[in-house]
Amino acid sequence: MTTSDISELTPRERARIVKTAVAPRPIAWIGTTSADGVDNLAPFSAYNYVSSAEPVVAFSAPFADREELKDTPRNVLETGEFAVNVATEALAEEMDASSASIDSAESEFEFAGVERADCVTIDAPRVADAEVTMECTLYGTMRVHDRLLTLGDVRYVHVSEDVRTDGKIDATKLANVGRLGGPYYTDSEPMDLERQF
Ligand SMILES: Cc1cc2nc3c(=O)[nH]c(=O)nc-3n(C[C@H](O)[C@H](O)[C@H](O)COP(=O)(O)O)c2cc1C
């Protein structure tokens with residue numbers, strides 16, 4: 001076993017260990033609209049839920065300064081709204097393609113060939129074929145070193161009939177895609193082991 005104090009590692013080495021250790025990570029495929037009305041779509045795996053019964057989700061992105069914010073967090077700050085689509089196997093390639101750095105004036109929906117649909121309670125766009133989408137309004141933000149953590153109150157949910165059993169969402173039917181360390185993705189087949197307690 002090799003052990004290291006964090007101060008002995010380069011930022012790159014630290015990031016590699018943390019991103020490999022904190023895995024598999026769920027992927028929020030986030031739809032937003034800019035103040036100018038341009039639709040945006042991008043995946044974020046620095047993502048999780050923070051609260052479930054009163055649902056709040058959070059994702060993070062670099063925040064060296066506001067000018068350099070990625071389109072997604074900038075749009076959320078400008079409009080107060082975002083749609084989290086769950087990344088699943090059927091749309092994994094499109095999800096990956098939507099991470100390309102394209103001009104802010106262009107939409108990743110067109111670039112990645114993803115059909116958009118309107119949300120119900122917010123103006124942000126959603127992925128028409130996503131099995132699950134959560135419509136969010138901005139709960140708050142928190143600066144964490146050089147990143148911005150953005151939290152969203154989930155206000156409205158879309159859950160396809162295809163991933164329900166007896167009306168309830170069914171984890172065995174939702175083919176979530178996750179991120180591992182390095183360039184790797186993973187699927188989410190349940191193991192034989194089930195939670196006992
Ligand atoms: C699966 C996946 C997960 C990603 N997760 C993050 C993340 O958590 N935070 C981040 O800043 N960028 C992440 N990225 C990179 C962004 O998707 C990428 O920078 C994208 O161009 C941002 O788009 P935007 O400027 O339209 O918001 C991820 C990329 C992929 C493919």
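On a 1 Å grid over the protein atoms alone, a pocket is an open set of points with protein on both sides within 12 Å along at least five of seven lines, and a molecule sits in a pocket if more than half of its atoms lie within 2 Å of its grid points. In this predicted model, the space taken by the ligand is the largest pocket.

Residues are numbered from 1 along each chain as its sequence is written, and side-chain values use heavy atoms, with hydrogens and water left out. Because the model is predicted, local features need pLDDT of at least 70 and side-chain atom pairs count only at pLDDT 80 or more, while totals for chains, interfaces and linings use all residues.

## The ligand and its shell

| Residue | Protein atom | Distance to a ligand oxygen atom |
|---|---|---|
| Lys70 | N or O atom in the side chain | 2.8 Å |
| Ser99 | polar backbone atom | 2.8 Å |
| Glu108 | polar side-chain atom | 3.2 Å |

The protein covers 85% of the 650 Å² of accessible area that the ligand has on its own, with accessible areas computed by the Shrake-Rupley method with a 1.4 Å probe.

## Nonpolar cores

A nonpolar core is a set of buried Ala, Val, Leu, Ile, Met, Phe, Trp, Tyr and Cys residues joined through side-chain atoms within 4.5 Å; buried means under 20% relative accessible area and exposed over 50%, with partly exposed in between (1.4 Å probe, protein chains only). The largest nonpolar core has 14 residues, and those with the most contacts inside it are Val57, Phe82 and Val84. At least two residues of this core come from each of β2 (28–33), β3 (39–44), β5 (56–62), β6 (81–86) and β9 (132–144), and β5 gives the most, with 3 residues. Another core, of 12 residues, lies apart from the largest one and includes Ile27, Leu91, Met95 and Ala130.

## Loops and backbone geometry

The loop between α1 (11–21) and β1 (25–26) contains Pro24, and the peptide bond from Ala23 to Pro24 is cis, with omega near -5°.

Positive phi values in residues other than glycine occur at His145, where phi is near 50°, and at Asp166, where phi is also near 50°. His145 lies in the loop between β9 and β10 (147–159) and is exposed, with a relative accessible area of 76%, whereas Asp166 is found in the loop between β11 (164–165) and β12 and is exposed at 78%.

Ala171, in the loop between β12 (168–169) and β13 (178–179), counts as exposed because its relative accessible area is 64%; its C-alpha atom is 9.3 Å from that of Ser188, 17 residues apart in sequence. Cys119, by contrast, is buried, with a relative accessible area of 11%, although it too is placed in a loop, between β7 (116–118) and β8 (125–127).

Note on methods. Helix = DSSP H or I, 4+ residues; strand = E, 2+ residues; numbered from the N terminus. Polar contact = N/O pair within 3.5 Å; in protein donor to acceptor, adjacent residues only side chain to side chain. 1 Å grid on protein atoms, 1.4 Å probe; cavity = no way out; pocket = protein on both sides within 12 Å on 5 of 7 lines; lining within 4 Å.
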